[in-house]
Every structure is written in structure tokens, then in C-alpha cells.
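Here are a few friendly notes for your next look at the model. Please read them with the viewer open.

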Amino acid sequence: MTRITQVWIGLLLLTGATVLLAELAPPRAVLVPGALILAYGKARLILGEYLELRQAPGWFLGARRGLAGVMVLFAVLALAG
Amino acid sequence: MKYQSQKIALAYFAVALALFAVQVTLGLVLGWIYVSPNFLSEVLPFNIGRMLHTNSLIVWLLLGFFGAAYYLVPEESEREIHSPKLALLQLAIFVIGTAGVVVTYLFNLFDGNFLMGNGGREFLEQPLWVKVGIVVAALIFLYNISMTVLAGKKTAITNILLLGLWGLALLFLFAFYNPSNLGLDKMYWWYVVHLWVEGTWELVMASILAFLMLKLTGVDREVIEKWLYVIVATALFSGILGTGHHYYWIGTPGYWQWIGSIFSSLEVVPFFGMMAFAFVMVWKGRRDHPNKAALLWSLGCATLAFFGAGVWGFLHTLHGVNYYTHGTQITAAHGHLAFYGAYVCLNLAIISYAMPHLRGRDPYNQVLNMAAFWLMSAGVVFMTFTLTFAGTVQTHLQRVNGEAYMDVQDQLWLFYAMRFGSGVAVVLGAVLFIYAMAFPRREVIEPGYNQPAE
Amino acid sequence: MTVAARPQPDTLPGELLMWVLILSELLVFGAGFAVLLGLRLTDPPGFAAAQVRLDQPVAAANTALLITSGWLAARGLAAARSGAAARCRISLLAAALLGCGFLILKAHDYAALADQGIGMESHPFFTFFFLLTGFHAAHVAAGILLLIGVAWSAQPAGVEVATAFWHMVDLIWVLLLPVVYLL
């Protein structure tokens, strides 16, 4: 199986996990970080593999940090209410 | 100067600078009207003076762009301009049209006539026949420049310049569409006004700046082109939907408040990019170009454009802020520094660079030219601060406390008096600049020698 | 500053201007998501009541469609690089086809909301829902055209630009999904 296909399966699994999480309807304190972590996982795969940022470790690290920071911001905003 | 037809630029720059003098002089008169409101109220009503101030600005900046194009396109394309005669015809049409506008407005001739009378629309108030003339002149220009570029070498600089100038001309066509619904009128009106200064003009600015950096710093063309493309991409990305920041309160749907706020916040990016570009190029550049004045204007342009257009624009672009500041002196502060930094300095930079070549001399009157830069820039910056403070006070008194407009204006007198003072400095700076360009004295600069000779 | 273990920034893969675009798009959508979540704080029950009107299964199906389409696009690029033009074309056109499927489901989504009398001005949540998903759908449509356009010549350079755009559309959607549909 090629790496491209492995990534695809990984993305599908993460999507399945997101659907499962939504179906379980846990309290917000679980739902918010859970959904955002799963989204981060998908975004990381797309950026690193499909957009090939893994070839440029410095940029990839910066992108991951920026993405993680944004996710934290979203989590804080979503949980503040 | 390698190509004879570059000489056309000289005529354009001369007319541009003459109009520049008219523009700042009228600015001074208007500044005085703010201090003493009845000044010349019969002869030159404020609205007419204001129209002349803004329209002469726009026309001279455009003439400067045309001149810049006629100067740099032969050098970039490595061939003569397609038809120098057409270029002069184009200039003549512009001069006649401008004179027509001034006479029509000053004496209110042909009032109400659809062809000859005034248009009555802010910035697009030219009588219809002048608008048609502008289109004809623009077509001549585009034909002339496009033929030159198509026949010669194509560079990123000429491509972007042409893209900007074509876009500028096509968007002007919206000036002919004047729906009777005022909300719709304003919506299309911004297609010209906003998409000029925050779209196509930025492309012209980036390409002229790139040309200046190429010549003045000697950095490789490849590096400069990369910067140019990135700047242009960010300018178009943010600027087009950034039009939304004019659609907050004119009757357009509420979602424009968010589109405008988000996209126009990003409009800072291309201006920051241009500032970073100019300084990085100078820092990396190996060439010690004798024309220090042109370099000073270029760096001043990028810096003041970033502050005037970028920072001062962002200051009141979020709709929550704009709800209070809309149409106060904050807008005037932003308008003055943005136009000065982005487009006045740009034109004066290319004029400072081109004039010595056009007139076949070494860079002359560097001291006067640079003094003009500092005097004019200090004047405009001080003006920006006085208007910003005036606008802040005005916003609070008028929009928060709800005091009447004219009562508030009375209380702003001190700021207007200080603004008039800064206006005097700007006019003196402009006169000094024109003098330094027009009346060369014998002043020889050794290439590579840092201090200008006396 | 801790400079010690930081790897040097290296050359970006692909077209520089594409990365400028991707970053700009992420900034715009990111700002939109942050404002949506921020506005939600002013009226949590109203936002929750608005959000339950959305069709989450359709959103999940659309995620699967886009992800699979991204996989096909990536395969198309690999094929273009190895010179297999026919395989490249099939992959890219299949990716574009799934993109059309996404748009059809999206249109169904909008129609269902319209049937309930919900429009852009119904609630601040829906203003953002329609702005963000509509803007994203416009990118999907543009991406479909790009994919079809580069499938024609199947040259690696063009395919790289189009598939990068397509992955960006994918990336935005996976970030949009939790913020708009779940939180």
C-alpha cells in the first residue's frame, strides 16, 4: 500500500472518530477538545503528506505550531461560554 | 537614457508637477477655510475647492504613472515606445479635460446638461465629455504601451504594470453607470474608487517600486520578481473583497460587515510586504547608486505607505470601530497619509530617479531634493497626527456624547490651526522639490561618493 | 530566544505563490471561525438552537467525499510525476467528480435550510454558516475547474499547483467541520 493510500485511510479513520464523538454527545469539556484534536490530526496529515510539507521540516514545524495555537484559541473560545 | 522616446516622460512629469503645485495650494486654502470658515466662501465654495484638491491629486498621480510607464517600459522592453506622437496626443487630451473640469466647476457652466454639466458625484464629478475623453486617452495609452511591450522583452515588472494599468482603465468604465438608487450608486462607485487605490494602483506602485529597486540597489532581477509576485498576490487577495469595508452602512446586506472587516484587515499585508521589500533590497544591494534622493523617496514611500495605508487604514476598518469613526477626521488623517505615502512619494521617487537621465545630467540638487523630502514628509506626518487627534475628539464628542456637528467643529479649532501650519510646510516642501527638479544648478556627484557635493 | 534545537527553515515544496494563497486563505477562514466562536459567547442557547438545524450526516458524508477526492488528486500527481498521463487524467477527473458530489450534497443542504425558511439574516450563526461554507463551496467549484484544466495536459508542474489548491480546500473543510457543525 502506498503512503498516499495509508494517509487516506488515516484521514477516514479520523473522520469516523469525529462522527463517533458527535454521536456519543459527550459534555462540551470533552467534545470541544476531542473534535479539535481530531481536526488537528487531519490537518497535519494533509499539510505534511498531501501538501508535502514534511520535506521541509522547518516550515512543517512552524505550520504545526501555528495550527496548534489556533486550535487552542478555538478551544478557549468554545469553552469560555 | 538609452531610448529617445523616454523623453515623453519629461512632458508628463512636468504637467504632473504643475498640477501637484495646484493641488497643494488648494489644500492650503481649504486648510485655512477650516480655521476661518468664511474665507473665500463666495468665490470658491468649500465643495468646489475640495473637488479641485482631490481631482487634481488624482489626475497628477495618473499623469505621473503614465510618465513612469513611458520612462520604464522602453528600458524594460528594450525598444522605443510604439508611437511618441500618440503619447503626446494622450497628454493633450488629459490637459484639455482637466482644464474643462476646472472651468466647468468654477463658473458652474452648463448646470444640469447631461453632456457638459458637472457630474455631481464625489471624485467622479467630471462632466460626461471629460469622462469620454479620459477613456479615449486611456485607450491610446494602453494601445501604445501594450504594443511596445508585446513587441519587446516581457518582464515581470512590465507585466504587473500593464495588469495594473489595464485594470485601472477598465474599472473606470463603472464611472459611466449611475443608478438612481443611492445605495446602488455607491456600491458601483466604490468599484472605481476603492478598486483603484486598493487594487490596481497597488500593482502599479509595486511594479514601479520594483523597477526603482532594480536600478538603485542592483539586486538580481529574479529576487525582485519573486517579491513582486508575492506582494501583488497579497494585494489582490485582500484588496478585492476588502471593498466590503465601504459597504458597512450604505444599505448593503449585513454580512458585508464581516467580509469587509476580515479581508480589509489583511490589506496591511501587501503594504508591509512593500516596506520589507524596499529595506531588504537596500540592505542586500551591493550597488552604491549616486542618486540618493531617489532612494530616499523610495524608502519613504514604502514606509509611509505602510503607516498611512496599512496602519491608519486598519485603525478604523473594523466595522465595530467604523460605526463610530465613519466620516470623521480620522478618515481625513488616513486619506492624507495614505495618498502621500503610497502614491505621492512613489511619483516623486520615479521623478527624482528619471529626471537626471531625462535631462542628461548627474543627479543634481540632491540636498534640496532631500530637504524637500524631509520637509514635506514631516508636514504630512504632523498633519496626520493633528487630524487623528481631531478625529478622536470629534468621535467622542459627536458620536459618543451626541453633540451637534458644528458645535464639535468649533471645539476642534486648535487642531485645524495646527493642521494649517503643517500644510504650510508641505507646500514649501513641494515648491522646493519642484525647484530642485526644474532649475538645476551645477552640482556634480561622484558615483560611489556618499555625501552629495555642494 | 532559544535557538538551540530549531531546524533551519528550508525550501518550501511546490509553488511559492500557492503557499502565499494557502496562508492567506487560512488566515481568512481562521478569522471567520474565531469570530463565529466569539459571537457564540454572546448567545450560546441561540447558537446551539441554530446549529441543531444543520444536517450533520450530510456534513460527515461530505468530509469523506473530499478526503477521498484529495487521495485521488494525490494519486494523480504521483502519476503525472512518473509520466503516466492516462492514469493521471483518470485520477484527476475522478477527484473532480467527487468534488461535484460534494457540491450536490451542499446544495441539498442549503435547499433543506431554505425550506425551513432559514437564510443568511435569520441568525448570526447562519450568517457565518452561509458565508464560510459558501465561500468554501466557491473554492470547491474553482478547484474542480482547475483539476479538469490541468488533467488536459497532465504536466507535473500544472498538476502540482491544482492539487495543492485542492488539498487546501480539503484542509479548510476539515477545520470548518468541527467549528461550524460540532462546537
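1. Helices α6(B) and α7(B) cross in a right-handed way (the near helix is turned clockwise from the far one by less than a right angle). The model is predicted, local features need pLDDT of at least 70, side-chain atom pairs count only at pLDDT 80 or more, and totals for chains, interfaces and linings use all residues. Residues are numbered from 1 along each chain as its sequence is written, while chains are lettered from A in the order in which they are written.

2. The axes of α6 (residues 182-217) and α7 (residues 221-242) of chain B come within 9 Å and cross at roughly 165°, so the two helices are roughly antiparallel (over 145 degrees). Axes are lines fitted to C-alpha atoms over the stretch in contact, with angles from 0 to 180 degrees between N-to-C directions.

3. In this pair, α6(B) residues including B:L203 and B:A206 meet α7(B) residues including B:L228 and B:I231 (contact: C-beta atoms, placed from the backbone, within 7 Å). The contact has twelve nonpolar, four polar and three charged residues.

4. Now turn to α2 (residues 46-77) and α4 (residues 128-151) of chain B, whose axes come within 10 Å and cross at roughly 15°. They are therefore roughly parallel (under 35 degrees), and their crossing is left-handed (anticlockwise, by less than a right angle). Among the residues in contact are B:F66 of α2(B) and B:F141 of α4(B). This contact has seven nonpolar, two polar and no charged residues.

5. Between chains, 38 residues from chain C and 34 residues from chain A make the contact. On the chain C side, α3(C) gives the largest share, eleven residues.

Technical notes. Two residues are in contact if their C-beta atoms, placed from the backbone, lie within 7 Å. Helices (H or I, at least four residues) and strands (E, at least two) are DSSP runs, numbered from the N terminus. Angles under 35 degrees count as roughly parallel, over 145 as roughly antiparallel, 65 to 115 as roughly perpendicular and the rest as oblique. Ala, Val, Leu, Ile, Met, Phe, Trp, Tyr, Cys and Pro count as nonpolar, Asp, Glu, Lys and Arg as charged, and the others, Gly among them, as polar.
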